[in-house]
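Good morning, and thank you for coming. Please look at the sequence and the structure on the screen while I speak.

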Amino acid sequence: MTPVKGISYDSYLMLEQLLDCQHRISDPPHHDEMLFIIQHQTSELWFKLILHEIEAAIGFIQQDHLEPCFKILSRVKSIQQQLFNQWAVLETLTPSEYVQFRGVFGNASGFQSRQYREFEFRLGNKNMRFIDLHGGVTSVNGERLDRIARAPSLYDEFLRFLSRKGFEVPADRVNRDWRLPYEGHAGVVQVFKVIYDNPRKHWDSYDMCEKLVDIEENLQLWRHRHMRTVARIIGFKRGTGGSSGVNFLKKVLDVSLFPELIDVRTEIGK
């Protein structure tokens, strides 16, 4: 590949533009607002990479190629761990410091992150009412989320792959209204039991199952750390984006993305 002439480290990474995106709006500027801005901007960059990887994984599954997904989903897991560890930085922000600039960004909240919502939609946790938080289906962000909601998730595509490979995946798991949140099915548990009972015979599917469990486990760990960080900084105040704050984040911990991959563990060995 021929190098592009005139490209420097700064110009390739567009550092002038990137490093000019951190503007404190508190007056007078509060020292800790910079931490708050960079924390969330960095998270959005990581989510951008996660979505890039998840889209690629979905494409490979649609082509019946699972092997490339293993590295992709391992990378997603590593990114999730970076996102988890970032909470330690935000936890250095004390309640007394945060309250001094919290009011300047009004109703702005991570609850409104389009990329995070897209990540959840891609994994199957779909709730069409959340599209209204992003301007509705007539807005650019809302239209994108609506389009993603109407397509099979990563998990849906995996079940469709298993069906094409001859596993007895229930018909209503292969073709359904993709806008609806995924619900567990006993028939899918039995499919996974066949795979887990003979991993050598079904190694690619077995490995894919474990990669998906990794993704969900790391998302749950991130959610829990998020909840604990919010509780540490604002207690039980309402969230700035209209959520109930800590109470909402606690409820989210009950959401299971790939329920049969946990349920099958009860059946293994029977």
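Contact here means heavy atoms within 4.5 Å. Helices are DSSP runs of H or I with at least four residues, numbered from the N terminus. The model is a predicted one, in which local features need pLDDT of at least 70 and side-chain atom pairs count only at pLDDT 80 or more, while totals for chains, interfaces and linings use all residues. Residues are numbered from 1 along each chain as its sequence is written, and side-chain values use heavy atoms, with hydrogens and water left out.

I begin with helix α13, residues 259–267. Its residues P259, E260, L261 and V264 are buried, that is, under 20% relative accessible area with a 1.4 Å probe, protein chains only. Their cover includes α8 (154–164), α10 (186–197) and α11 (203–234). After α13 comes G269, with a positive phi near 95°.

Next, the nonpolar core. This term denotes a set of buried Ala, Val, Leu, Ile, Met, Phe, Trp, Tyr and Cys residues joined through side-chain atoms within 4.5 Å. Which residues have the most contacts inside the largest core? They are L154, L162, F192 and M208, in a core of 58 residues. Helix α11 provides the largest share, 11 residues. Leaving aside residues up to four places away in sequence, M208 touches I61, L66, C69, F70, L73, L154 and F158. Another core, of five residues, lies apart and includes F121, I131, I148 and A149.

Finally, helices α6 (residues 114–123) and α7 (residues 140–149) pack at an angle of about 10°, their axes 9 Å apart. The axes are lines fitted to C-alpha atoms over the stretch in contact, with angles from 0 to 180 degrees between N-to-C directions. The two helices are therefore roughly parallel, a term for angles under 35 degrees.

Conventions. Angles under 35 degrees count as roughly parallel, over 145 as roughly antiparallel, 65 to 115 as roughly perpendicular and the rest as oblique. Buried means under 20% relative accessible area, exposed over 50%, partly exposed in between (1.4 Å probe, protein chains only).
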